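Please look over the model below with the ligand site in mind. My points on the ligand, the cavity and the pocket follow.

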Amino acid sequence: MNQSTINQSTMNQYTSITDYYDLLMTQGYYDYQAMADAVYSLMKDDRRKVIELGVGTGLLAEKLLLLAPESEFTGVDITSSMLEIARKRLGEWGKLVEADVIEMNLGETFDIAVSSGGVWVINQRDNRTDLGTHDSDIERDIKGLTNVAKHLRQGGLLLLGVQGDQKNYQQDLPSGIVYSQEVEKIAQKDAIEYIEKSYFFKKDDEILAQQKLKLKFIKPWKKEEILEQAGFKFLGIHDSQKFHIYEKR
Ligand SMILES: C[S@@+](CC[C@H](N)C(=O)[O-])C[C@H]1O[C@@H](n2cnc3c(N)ncnc32)[C@H](O)[C@@H]1O
């Protein structure tokens with residue numbers, strides 16, 4: 001399914017690094033099993049319908065499939081090449097939708113919405129937990145989170161995955177491929193810090209794939225303000241420390 005409202009011009013797309021994404025992610029970038037266990041622990045009898053915001057190549061979904069094959073899963077992503085890999089990974093299971101989460105209109109509600117490394121994240125920096133977002137415009141965050149609330153039933157949960165601070169580093173991957181990321185702060189305005197993150201996959205110093213994303217971090221007080229404005233109440237941090245849990249009021 002391809003929703004017609006995708007605004008390609010303002011979006012960060014993962015197209016150029018899709019082929020290398022799984023290689024990096026499966027080398028411990030995220031602990032998908034621990035994340036899936038955390039989501040599963042919140043899926044009781046009355047919470048079986050899950051939507052993943054920015055499902056990517058389906059790495060978290062794959063773990064959920066093993067834990068809860070009977071659940072109803074929908075993954076949304078704006079990058080078709082990522083969704084193609086997700087579809088192969090998940091077989092027939094789940095529904096995958098190519099859409100911008102900010103604008104999607106799925107015509108149904110869910111019990112749990114998960115964003116793990118996806119459209120929004122909780123960015124843990126020392127003792128501060130900012131809202132990390134893939135979009136450069138805060139108005140789109142408010143619109144998007146309001147839209148997510150619209151897709152949750154009352155009492156439904158929004159799970160925002162916790163990430164460490166974004167910094168420069170390099171990592172060896174299989175087959176002699178080297179991953180590196182460079183993070184540069186480009187502006188600070190009121191409660192928002194804007195960064196540019198460049199990803200490189202190289203072999204023998206030749207660049208195989210690269211991508212530059214514009215990300216931003218919203219300070220805690222502003223984060224709570226916009227989540228509340230969108231219709232969410234903070235419930236707490238999951239015991240695993242993997243997710244901050246919000247409830248749709
Ligand atoms: C870092 S990847 C994370 C993928 C997956 N959740 C994981 O943990 O591996 C971020 C994904 O979010 C998607 N994305 C970013 N902004 C989006 C938006 N507004 N709507 C839908 N997908 C979006 C990107 O296309 C990308 O696949």
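1. A polar contact is a pair of N or O atoms within 3.5 Å; within protein, one must be able to donate a hydrogen and the other to accept it, and residues adjacent in sequence count only if both atoms are side-chain atoms. This is a predicted model: local features need pLDDT of at least 70, side-chain atom pairs count only at pLDDT 80 or more, and totals for chains, interfaces and linings use all residues. Residues are numbered from 1 along each chain as its sequence is written, and side-chain values use heavy atoms, with hydrogens and water left out.

2. On the ligand side, an oxygen atom lies 2.7 Å from a polar side-chain atom of Tyr 21. Backbone atoms face ligand nitrogen too: a polar one of Val 101 is 2.9 Å from a nitrogen atom of the ligand, and a polar one of Ser 116 is 2.8 Å from a nitrogen atom of the ligand. The protein buries 99% of the 600 Å² that the ligand exposes when taken alone (Shrake-Rupley method, 1.4 Å probe).

3. Where does the ligand sit? It sits in the largest cavity (more than half of its atoms lie within 2 Å of the grid points). A cavity is a set of points, on a 1 Å grid over the protein atoms alone, where a 1.4 Å probe fits but cannot get out; a pocket is an open set with protein on both sides within 12 Å along at least five of seven lines, and lining residues have an atom within 4 Å of a point.

4. The lining of the largest cavity divides into 26 nonpolar, 14 polar and 5 charged residues.

5. The largest pocket is lined by residues including Tyr 29, Tyr 30, Lys 167 and Gln 181. Its lining has 3 nonpolar, 5 polar and 2 charged residues.

Notes
Ala, Val, Leu, Ile, Met, Phe, Trp, Tyr, Cys and Pro count as nonpolar, Asp, Glu, Lys and Arg as charged, and the others, Gly among them, as polar.
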